[in-house]
Amino acid sequence: MPKKCTDDALGKLNEVVLKGKKRNLHTILVFLDIKGDFDNAWWPGVLSLVKISNISGNLFAVISCFLKDRSVAVSLGHSSKEKFLNKGCPQGSVAGPFPWNVILNDFLEKILDFSTFETIAFADDSLLCFQRKCFHDIRRQAQLTICLHQPGQRIIN
């Protein structure tokens, strides 16, 4: 977003923590840094998420066209190789981060249905801020939220 930077995200974090402190709430922060997120945003999945989010047909067509038939070419000496792409965030354009934003929004919507917390997101980094009066309750809520998409993970009591 224009005129936004990490200082804005830190300011928001400070605001959330101070509000919780005034209300005598415990705070647990969960930082998410998803490895390879921009490089691995899978376009068929992104388009599926866009389609189910009721974006109008014309806008869907523009997004689909933006991601269609993209390729990368590498030349070394007299040899060159071209590969068609089906994932990643195209670099160098205003719309480049769009595929990742669609994925992150879907993820946050799913976990917000399950839990209540503040979210601070900047580029590919996200922070979930859980606050409650009882530390045991907040710890359990944070663990359940993080384990939501990982069946088989054990929750520490």
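At 52% relative accessibility, Lys19 counts as exposed, where exposed means over 50% relative accessible area, buried under 20% and partly exposed in between (1.4 Å probe, protein chains only). The model is predicted, so local features need pLDDT of at least 70 and side-chain atom pairs count only at pLDDT 80 or more, while totals for chains, interfaces and linings use all residues. Residues are numbered from 1 along each chain as its sequence is written, and side-chain values use heavy atoms, with hydrogens and water left out.

Helix 1 covers residues 6-22; helices (H or I, at least four residues) and strands (E, at least two) are DSSP runs numbered from the N terminus. Its 17 residues reach 24 Å from the first C-alpha to the last, close to the 24 Å expected at 1.5 Å a residue, the expected span being 1.5 Å times one less than the number of residues. After the helix comes Asn24, whose phi is positive, near 60°.

Which residues of helix 1 are buried? They are Ala9, Leu13, Val16 and Gly20. These residues lie on the same side of helix 1 because they cover an arc of only 65° around the axis, taken from the directions from the helix axis to the C-beta atoms. They pack against strand 1 (26-33), strand 4 (118-122) and strand 5 (125-132), with contact meaning heavy atoms within 4.5 Å. On the other side of the helix, Asp7, Leu10, Lys19, Lys21 and Lys22 are exposed.

Side chains of opposite charge can pair when their charged atoms come close. The structure holds three salt bridges, each a side-chain nitrogen of Lys or Arg within 4 Å of a carboxyl oxygen of Asp or Glu. In one of them, Glu15 meets Lys12 at 4.0 Å, N to O; both lie in helix 1, three residues apart, about one turn of the helix. Glu15 also meets Lys19, at 3.8 Å, N to O, and this pair is four residues apart in helix 1, again about one helical turn.

Lys12 forms a salt bridge with Glu118 as well, the closest N and O atoms being 3.6 Å apart. Lys12 lies in helix 1 and Glu118 in strand 4, so this pair ties together parts that are 106 residues apart in sequence. Glu15 is partly exposed at 38%, as are Lys12 at 30% and Glu118 at 34%. Together, Lys12, Glu15, Lys19 and Glu118 are linked in a network of salt bridges.
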